[in-house]
Structure formats: C-alpha cells, structure tokens
Amino acid sequence: MSDRALGVLLLGFAGLGPDQDHQQDMYLPAFGSHPGFEVVGVADTPAGASSSTGHRLAAKLGVPAAASWRDGLTDPAVDVVSVCVEPGLRVEAVTAALRAGKHVLVDKPLALTAAECREVGAVAAETGLVCLPAHHQRFHPMIGSALAAVAGGRVGLPWNVQADFLVAGGTPSEAGELANLGVYPIDVVLALTGQRVRQVHARITRHWHDGPADDLALLFLTHDHGVTSTVSVGRMRALADTRPAGLAVHRYRISGSHGVLDVDAARPAVAVRRAEATGATWHGASTVGRLLDVLHAAVTAGRSSSPGPADALHVAEIVDAARASAASGVPVELPDSEEGSR
Amino acid sequence: MARHSVIAGGTAGQPSLGVVIVGAGFIADHHGAALRTSDRAHLAGIVDVDAGRAATAGRTAGGVPWTTDLAEALARPDVDAAIVCTPNVTHEAIALQVAAAGKHLLVEKPLSVDVPSARRVIHAFEQAGTTVMAAHTHRFYDYARAVADAIGGGAVGTPVFARLALLGGWIWPDWRAWVVDPGVSGGHALHNGVHLLDLVTWWIGAEPVSVYARGRKQTAAELGIHDYLEMTIDYDNGASAVCEMSRGHRPASLDRRDVLVVGTDGILQLPTDGWGSTVVTESGTALLHPQASDGFAVQLGAWLDAIDGGADAAMTPADALRAVALGVAAERSIERGEPVSVAEVLGGVPA
Ligand SMILES: NC(=O)c1ccc[n+]([C@@H]2O[C@H](COP(=O)([O-])OP(=O)(O)OC[C@H]3O[C@@H](n4cnc5c(N)ncnc54)[C@H](O)[C@@H]3O)[C@@H](O)[C@H]2O)c1
C-alpha cells in the first residue's frame with residue numbers, strides 16, 4: 001500500500017439509540033483530522049436514505065452520495081468502509097463490504113448476538129481483510145498504559161478486576177445500555193487480563209429511565225486461570241459536572257499476586273472549575289483517533305487488527321450469557337471456546 | 001466551685017457502669033481505651049481463659065480484678081455489663097451466661113456464627129430484659145457516618161448501586177491462629193465480611209433479598225478460609241451492593257477503602273487513593289490520615305445509650321441477626337456457586 005490516504009466510505013448514520021449518530025459525531029471528525037484517511041463517499045441504507053442525512057452530508061463534504069449502499073461498495077476509490085447502519089442490517093452491510101474487497105470499521109456493537117458476530121468473523125477470515133470493531137475505550141491513554149503494565153508483569157499475575165463504566169445523561173438506548181455500552185468495559189477487562197470468560201452471572205435493572213430498556217447491569221465474570229472480574233455498566237441521570245453522555249465514573253482496579261493497579265480513566269485531565277460547572281480538559285488524540293491509527297496500521301501492513309471480530313464475538317457471548325443469567329438468576333457457563341476454528 | 005474527682009466516674013450523680021471485658025486479646029485493648037475515655041462506664045474486671053493474659057491485662061489497666069471464671073466476674077454486684085472480645089464461636093455460650101446473670105452485653109461481631117445461635121442470644125436478652133448490641137464498629141467511623149448522613153439527607157436520591165471495599169494484606173498470625181480456622185471464626189464472611197454486609201445495608205436502607213459471593217484463597221491455596229471475598233447483595237427495592245473484603249492483597253501494607261454509591265439523583269464517592277495528606281520523607285512517601293473520632297468510643301457511647309433506653313439503638317439486635325444471616329448466605333453462596341436467598345438462611349422465621 002502506498003503513502004496515499006485511504007479512501008473512506010461513510011456507510012449509514014444510525015446506532016442503537018434514536019438520535020445516535022456515531023458516524024457524524026465520532027468517526028467523521030476522527031477521519032477528517034487523520035492524515036491517513038480521506039472521506040471519498042457517503043452511502044446509506046434504504047431506511048436511512050429517507051432521512052436524506054447522507055445526501056446533505058455528501059453535499060457538505062463535496063463527495064458523491066451513492067445511489068444505493070451496494071453501489072457505494074463498488075467504488076474503486078473506497079478502501080475502507082465505516083459502518084454505522086442500524087443494528088438489524090449490520091451483519092449484511094459488513095459482510096457485503098468485506099466481500100466487495102473493502103476493509104471495515106464497524107461501530108459498536110459489531111452485532112447484537114454472538115451468532116451474528118460469528119458470521120461476520122467467518123467472512124472476515126475468508127477475505128483476509130481488516131474488520132475492526134470500534135472498541136475504542138481500550139485506546140484511552142490511562143488504559144493503554146495499564147494494558148502494558150499488566151502485560152509487563154507490574155502487578156504480578158492478575159487475579160481480579162473491578163470495573164465501573166457509568167455514563168451520565170444523553171439519550172438512553174432502546175436496545176438497553178448493556179447492549180449499547182457493555183462492550184466498552186468488557187473489552188477493556190478482556191484486554192487487561194487476556195483471559196477468556198468461562199462463566200457469567202449478571203443482574204440487569206432499570207432505575208433512571210422509562211420504558212422496558214435496562215440502564216444498569218452488574219456482571220460477575222469468571223475467566224480462565226481463575227481470574228474473576230466485576231463490571232458495573234449503565235447510564236444514569238445527567239450530572240452537573242459531566243458533559244451529557246459523558247462518563248461519570250470510569251475506572252478499573254487490577255489486583256495481582258504482587259501489586260494493585262488503580263486506573264481512573266477520568267484522568268489525565270486539567271481540572272477546570274467555573275461558576276456554572278466543573279469540568280476537565282486534555283490534549284492529545286481521542287480514543288477514536290487512536291482506533292483509526294490501529295485501522296490504518298492494519299490495512300497498510302496487510303494484517304488483521306486487534307481488536308478483531310473474535311474480540312467482538314467474545315463480548316457478544318458474554319452479553320448473551322449475562323441476559324440468560326439475569327433471566328434465570330443463576331450463573332451461566334459459556335460454551336467452549338471456538339479458538340480452534342479461527 | 002471545688003473541682004474533685006468522682007471515684008469510679010459517673011456524671012451528674014449517675015453511677016458509672018461497671019464493665020467486665022471478656023477475652024483480653026487484640027481488640028480488647030480498643031474497648032479498654034474507649035472505656036478509659038468514658039465518664040459513663042469504667043473497666044471493672046478482666047476475664048480470659050488464659051490466666052496469664054487476664055493477669056497482664058488487669059495489671060496493665062492499673063490493677064483491675066481479673067479471673068478465668070466468667071461466672072465469678074458476673075456474680076460481682078459492681079459488674080453491670082460485659083464487652084465480649086473472644087473468638088467468634090464462643091460468643092453464644094458467653095452471651096447466654098451474661099444474659100442469665102441479668103447483665104448488658106456488647107459483643108464483638110459477629111453476634112454469633114449461625115442464625116439459630118444468634119436467635120438464641122437475642123431471645124435470652126429479651127427474656128432477661130437487658131441490652132445486647134453487636135460491635136459493628138464501622139458504623140461508628142467518621143467515613144461511614146459521613147456516607148450515611150449524606151444518603152439520609154437525600155444527597156443521591158435513592159441508592160441503587162453501592163460498592164464498598166476494604167482491602168488489605170495479610171495481618172493474621174500463622175496457621176495456629178483461630179481466625180484462619182473456619183470452625184472457630186465461622187469463615188471470613190462471618191468474621192470480617194459482616195462489617196461490610198451490615199454497613200452497606202445500613203446505607204442502602206432496604207431489605208436484602210439474596211447474596212451472591214465469590215471467595216478466593218489468595219495468600220495460600222491451603223487456607224481453610226477465603227482471604228478475599230466479593231459479596232453482592234440484592235435488595236428488595238431493586239438496589240445492589242458489591243462488597244469486597246480482602247486480607248489477600250499485595251503489598252501487605254495496602255490499606256484501601258473504596259466507597260461508591262450511585263443513586264437516582266447522583267453519585268457519592270470517597271477517593272480510592274485515600275483522603276489524607278501526603279508526606280514525602282527520606283524513607284519514602286506515606287499518607288497522613290486526617291484526625292478522626294475514635295470509632296470504639298463512639299460505639300461505646302451508642303451502647304450506653306441503648307442501655308439507658310433512650311433513642312433508637314444505633315445497632316439493634318435485628319441488625320446484628322441480619323448481618324449474621326448475610327454472612328451465612330455469603331459462605332453458602334461461595335460453596336454452591338450461585339446466589340443464596342436471605343429467606344432461606346433465616347429459615348422463613350421472621351427476625
Ligand atoms: N470490631 C472490630 O473491628 C474487630 C476487629 C478485630 C476483631 N474483632 C472481633 O473481636 C473478637 C476477638 O478478636 P481478637 O482479634 O481480639 O482475638 P484474640 O485472639 O486476639 O483474643 C481473643 C482472646 O479471647 C480469649 N478467649 C478465648 N476463648 C475464651 C473464652 N471462652 N472465655 C474467655 N476468654 C476467651 C483468648 O485467650 C484471647 O486472649 C472476635 O469476635 C473478632 O471477630 C472485631
């Protein structure tokens with residue numbers, strides 16, 4: 001691959017919430033400021049097209065709007081497809097992009113069930129193309145250094161992780177916050193320990209929002225080598241000191257045979273205190289910017305990315321098991337790893 | 001007006017309560033120190049099955065009478081009450097003896113090591129008409145009261161999720177120590193776990209429904225107890241709490257308290273990295289803890305209030321029974337690998 005910027009097709013502007021548009025809120029700005037990428041086209045699903053978001057954006061960016069999303073995938077200028085289509089079409093869109101010979105960045109969750117993730121993983125493996133699920137929280141600077149510290153043995157053999165991932169405010173997801181947000185802390189715990197989960201116990205509840213969707217989940221995971229972890233994840237009401245849909249609590253404690261590592265992902269930060277509110281700011285690439293570094297490196301090197309579809313699959317297996325456990329009230333064993341088949 | 005001392009204490013003509021300490025070990029010293037600061041109660045005697053320990057404790061306290069015979073101490077008319085600081089499995093028999101003697105009791109946690117036994121103790125004091133309180137000391141520490149005050153004042157609305165972790169390294173003696181013998185301590189959930197199970201339940205202010213616990217023998221695979229415990233309580237109002245009690249963390253000097261309470265209206269949190277000052281000296285960096293009230297003295301005051309029968313007791317017998325039930329549920333849950341209902345442990349009999 002040459003030094004030229006990779007051509008990006010923005011496909012879809014939907015998410016798990018009614019007003020969720022990670023394509024425009026997260027990925028477009030990150031692609032725009034990344035020297036390795038250039039947005040070359042916009043496409044949308046039939047459902048999305050009716051809102052004409054794609055057409056307006058294409059006009060604004062001065063790039064073509066594909067007549068259909070399948071047309072967009074045939075454009076030779078496109079190297080990478082950024083997929084943010086509605087969850088029901090995600091598997092179809094991702095596999096079509098891969099089969100059209102394009103690398104894919106997929107908004108989280110990659111798919112809503114483990115079975116769907118498996119399907120995507122199989123096509124990615126078959127085509128040998130990059131399929132990067134947007135598990136971008138593991139690229140947070142505090143978490144990045146923690147991953148290296150744990151992998152480097154700084155706390156000895158890790159035996160427990162406690163994680164809290166609580167968003168304050170923003171629009172709740174109709175699919176529930178376990179489906180919407182769960183992937184972030186689960187992915188970080190898996191990346192920290194490197195240990196697959198064997199058993200899941202969970203409690204899934206709703207405290208802040210109307211309707212049937214859950215907004216607080218507690219997951220009790222048992223990993224290989226007897227490592228245990230506990231994850232709280234959810235969306236609470238808005239707080240004065242947290243930007244809407246920002247993280248009110250985001251932390252990990254890793255206990256090891258020889259030490260303890262406390263990671264507060266609210267840091268690093270310059271604290272800013274004002275009459276109206278208190279906040280924090282920091283300089284440097286965002287977690288999504290770092291995710292794009294990984295995408296670029298994988299595409300240009302011609303190798304698969306980490307995280308990859310297998311990581312998304314394992315997260316989906318854990319989420320599926322959590323639902324089963326919450327329904328039955330008892331821990332659920334995960335099916336044996338399919339490591340061998342990949 | 002002349003200033004003078006009143007022999008054996010007492011305020012405003014009220015006689016000071018004579019208290020005998022039973023079990024002159026580690027924690028007895030804290031109760032002795034609390035008694036020394038009180039003008040409502042005083043140390044009247046020491047009982048220990050080990051004559052040497054009893055004698056030393058009596059001498060250290062300035063010549064307080066000591067004995068190895070509890071009955072003898074309880075028969076003394078100047079003894080009104082006992083503070084029991086013996087290994088957990090001995091609490092019931094000693095408590096029943098104190099009740100039979102018609103004296104008041106502050107018993108170290110846990111009240112007892114199983115539910116039927118805790119019930120027998122409570123029943124005996126009901127019959128005797130004297131006061132029994134279990135020493136859940138954390139309820140009387142500044143941090144715990146600050147959290148309770150804030151929640152009580154509506155700071156976070158209704159609590160829906162709480163985390164409480166007391167993490168530390170190995171502080172116990174060797175294999176011969178009773179604390180590592182589950183037959184004597186009841187297991188770590190009953191021994192230390194009850195502190196957290198009680199405190200978080202007090203904070204949340206709802207009835208616990210079930211406990212899911214995971215235990216780990218971190219310091220040595222051969223341990224009979226779990227030196228690391230993670231205990232999750234589900235409450236009848238939909239709230240949950242995750243409690244971690246550890247003596248298995250490294251470095252052993254780790255002394256960590258973590259509190260997070262998430263409520264319908266907000267979040268309350270104590271800083272995990274401590275709230276003291278930092279002292280950096282030639283020998284390294286250390287934390288300088290802020291001045292705080294002596295939890296044991298505050299607890300003693302609350303017990304004396306309960307004896308006086310004034311306001312609601314700060315820690316009722318029902319609270320103590322519930323703490324035992326939660327501890328038993330945690331131990332059972334670890335054994336079974338799934339949640340255990342509190343109703344099962346309580347045997348369907350109302351507290
Ligand atoms: N509230 C707290 O924070 C806290 C902290 C530590 C211990 N404790 C509790 O205090 C109690 C004592 O713990 P410890 O660490 O002081 O133990 P310890 O082993 O230091 O002391 C126990 C003492 O009791 C004596 N003893 C044993 N059986 C006796 C009996 N039948 N009659 C009279 N004396 C007897 C022993 O000889 C020993 O001197 C336990 O119930 C423990 O759970 C509470």
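Q: Not counting residues up to four places away in sequence, which residues does Gln218(B) touch?
A: The model is a predicted one. Gln218(B) lies in the loop between β8 (208-216) and β9 (228-235) of chain B. Leaving out residues up to four places away in sequence, the residues that Gln218(B) touches are Trp159(A), Ser257(A), Asp227(B) and Gly248(B).

Q: Is Gln218(B) buried or exposed?
A: A residue counts as buried when its relative accessible area is under 20%. Gln218(B) has a relative accessible area of 17%, so Gln218(B) is buried.

Q: Which peptide bond that involves Pro251(B) is cis?
A: Pro251(B) is found in the loop between β10 (240-246) and β11 (255-263) of chain B. Omega is near 0° for the cis peptide bond in question, which runs from Arg250(B) to Pro251(B).

Q: Where in chain A does Pro307(A) lie?
A: Pro307(A) is joined to Ser306(A) by a cis peptide bond, with omega about 5°. The position of Pro307(A) is the loop between α10 (287-301) and α11 of chain A.

Q: At what angle do helix α9 and helix α11 of chain A pack?
A: Helix α9 of chain A comprises residues 183-193, and helix α11 of chain A comprises residues 309-328. The crossing of α9(A) past α11(A) is right-handed. Their axes are 10 Å apart, and the packing angle is about 115°.

Q: How many residues of the contact of α9(A) with α11(A) are nonpolar?
A: On the side of α9(A), the contact is made by Val183(A), Ile186(A), Asp187(A) and Leu190(A). These meet Asp311(A), His314(A), Val315(A), Ile318(A) and Val319(A) in α11(A). The residues of this contact include 2 charged and 1 polar, and the number of nonpolar residues is 6.

Q: Why is helix α5 of chain A described as largely enclosed by the rest of the structure?
A: Helix α5 of chain A covers residues 90-99. Among its buried residues are Arg90(A), Val91(A), Thr95(A) and Leu98(A). The helix is largely enclosed because the buried residues number 8 of the 10.

Q: Which elements of chain A do the buried residues of α5(A) pack against?
A: The buried residues of α5(A) include Ala93(A), Val94(A), Ala96(A) and Ala97(A). Just after this helix, Gly101(A) takes a positive phi of about 85°. The elements against which the buried residues of α5(A) pack are β1 (6-11), α4 (69-72), β3 (80-83), β4 (103-106), α6 (114-127) and β5 (131-133).

Q: How far apart are the end C-alpha atoms of α6(A)?
A: At 1.5 Å a residue, the 14 residues of α6(A) should span 20 Å. The model agrees with this expectation, which means that the end C-alpha atoms are apart by 20 Å.

Q: Which elements of chain A do the buried residues of α6(A) pack against?
A: In α6(A), the residues Ala114(A), Cys117(A), Val120(A), Val123(A) and Ala124(A) are buried. Just after the helix, Gly128(A) has a positive phi of about 70°. The buried residues of α6(A) pack against α5, β5 and α11.

Q: Is His225(A) buried or exposed?
A: His225(A) is found in the loop between β8 (216-223) and β9 (228-236) of chain A. Although not a glycine, His225(A) has a positive phi of about 60°. Its relative accessibility is 70%, so His225(A) counts as exposed.

Q: What value is phi of Ala245(A) near?
A: Ala245(A) lies in the loop between β9 and β10 (246-256) of chain A. At 36% relative accessibility, Ala245(A) counts as partly exposed. Phi is positive here in a residue other than glycine, and its value is near 65°.

Q: How far apart in space are Pro268(A) and Thr281(A), C-alpha to C-alpha?
A: Pro268(A) lies in the loop between β11 (259-264) and β12 (270-273) of chain A. Leaving aside neighbours within four places in sequence, Pro268(A) is in contact with His140(A), Pro141(A), Met142(A) and Trp282(A). Pro268(A) and Thr281(A) are 13 residues apart in sequence, and their C-alpha separation in space is 8.5 Å.

Methods:
Residues numbered from 1 in each chain as written. Chains lettered and ligands numbered in written order. Predicted model: local features only at pLDDT ≥ 70, side-chain atom pairs only at ≥ 80, totals over all residues. Heavy atoms only, no water. Axes fitted to C-alpha atoms, helices over the stretch in contact; angles between N-to-C directions. Helix = DSSP H or I, 4+ residues; strand = E, 2+ residues; numbered from the N terminus. Left-handed = near helix turned anticlockwise from the far one by under 90°. Contact = heavy atoms within 4.5 Å. Nonpolar A, V, L, I, M, F, W, Y, C, P; charged D, E, K, R; others polar. Buried < 20%, exposed > 50% of the residue type's maximum accessible area, 1.4 Å probe, protein only. Expected span 1.5 Å × (residues − 1).
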